Amino acid sequence: MTTEHHHPTPAQYWKIAVLLGVLTAIEVALYYVNLSYDLGSLNAVLLIVLATLKFVIVVAFYMHLRYEKATLSKFFTGGFVLAASLYTVVLAALGVLVIRGS
Amino acid sequence: MTDVLHEAPPDHPEHESTGVDNRKLGMWLFLSSEFLFFGALISNYLLYSNRPGFAGIYPSEIYDIPFTSVSSFVLLMSSLTMVLAHNALTRGDMNGTRTWLFATAALGSVFLGGQVFEFTEFIVNSNMKLTTNPAASAFYVLTGFHGTHVALGVIMLLSLWGISRRPGGLSEKHGMNLELVGLYWHFVDIIWIVIFTVVYLLSVPPA
């Protein structure tokens, strides 16, 4: 186990869960706001920012990557960056990468 | 010549020169490689999801956002129960570990039930089948593979729960098993965070 690192307490885990729930609620609210007021590309940008925030929070605090050795962070981030770069190039080449809300 | 067996002490995790337990390193590498797997499926969906000219209905025309939002919330909360199970084990609280493990498996099962319901609605009521058009195929393959990952996670969680009921089955000494399953479970959750945003909230039907 990795208890030698100072992981969050159960109370902190609950607070993180509340934050994740609030972020999800904002995402859904944004979806409906966009249906009524057509936010354009701002909608896509905000939704991607919110999803990224949730992603990072889960990885950092629930998967404890924040408290792990740098080796693990490098492997995980490396895989993510590799995949993201590869498919960004592929989708751009195929003309798919456009802002959906615009 | 004398053979000398080097065995790690039973209460000492096996380390390599990286300073990280090999099993944990292996799991992180596996999860890292999964990005390529899901990236391909998400890209495939983006490629076909709003390409005009296909016969039949498009997935983005029939999404039930309130329903999927609740499913997403359920899966998100299963990450909380998973990390609470891990935390309980590190404190030696076996009852708490068992309770939170079971809660995680239950929440995962609820999510899977929601996905089965969604697929049934799409197929029966909206007549959108796997072979209706490439957009539908891409949707079912992506969310179906994610669902398969969730199902495997539920099986692993229930296995751990069963093991934990045996005397000494899931002691703190063997906590790495729970930690590895937990990493897998959280990964399934973060993939859904991406799918929920990209597939459900950002998709628009073809103009």
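Among the contacts in chain B between residues at least 6 apart in sequence, 79% join residues at least 24 apart, where two residues are in contact if their C-beta atoms, placed from the backbone, lie within 7 Å. The structure is a predicted model, in which local features need pLDDT of at least 70 and side-chain atom pairs count only at pLDDT 80 or more, while totals for chains, interfaces and linings use all residues. Residues are numbered from 1 along each chain as its sequence is written, and chains are lettered from A and ligands numbered from 1 in the order in which they are written.

Chain B contains five helices and zero strands, so defined that helices (H or I, at least four residues) and strands (E, at least two) are DSSP runs numbered from the N terminus. Along the sequence, the pattern of chain B reads α-α-α-α-α. Of the 207 residues in chain B, 42% are buried; a residue is buried if 20 or more other C-beta atoms lie within 10 Å of its own, exposed if 12 or fewer, and partly exposed in between.

Helix α1(B) meets both α4(B) and α5(B), and the table sets out the geometry of the two pairs. Axes are lines fitted to C-alpha atoms, for helices over the stretch in contact, and angles run from 0 to 180 degrees between N-to-C directions.

| Helix pair | Axes come within | Crossing angle |
|---|---|---|
| α1 (residues 22-48) and α4 (residues 134-164) of chain B | 8 Å | roughly 155 degrees |
| α1(B) and α5 (residues 175-201) of chain B | 11 Å | roughly 20 degrees |

The angle makes α1(B) roughly parallel to α5(B), whereas α1(B) and α4(B) are roughly antiparallel to each other; angles under 35 degrees count as roughly parallel, over 145 as roughly antiparallel, 65 to 115 as roughly perpendicular and the rest as oblique. The crossing of α1(B) with α4(B) is left-handed, while that of α1(B) with α5(B) is right-handed, a crossing being left-handed if the near helix is turned anticlockwise from the far one by less than a right angle, and right-handed if clockwise.

In the contact of α1(B) with α4(B), the residues divide into eleven nonpolar, one polar and no charged. Here Ala, Val, Leu, Ile, Met, Phe, Trp, Tyr, Cys and Pro count as nonpolar, Asp, Glu, Lys and Arg as charged, and the others, Gly among them, as polar. The residues of α1(B) that meet α5(B) include Arg23(B), Lys24(B) and Glu34(B), and the contact as a whole has 14 nonpolar, no polar and three charged residues.

Tyr45(B) touches Ala138(B), Phe139(B), Leu142(B) and Val199(B), leaving aside residues up to four places away in sequence. Tyr45(B) is also one of the residues with the most contacts inside the largest nonpolar core, which has 73 residues; such a core is a set of buried Ala, Val, Leu, Ile, Met, Phe, Trp, Tyr and Cys residues joined through C-beta atoms within 7 Å. The largest share of this core, 17 residues, comes from α5(B).

The contact between the chains takes 37 residues from chain A and 41 residues from chain B. On the side of chain A that touches chain B, α3(A) gives the most, with twelve residues, and by class this side has 27 nonpolar, six polar and four charged residues.
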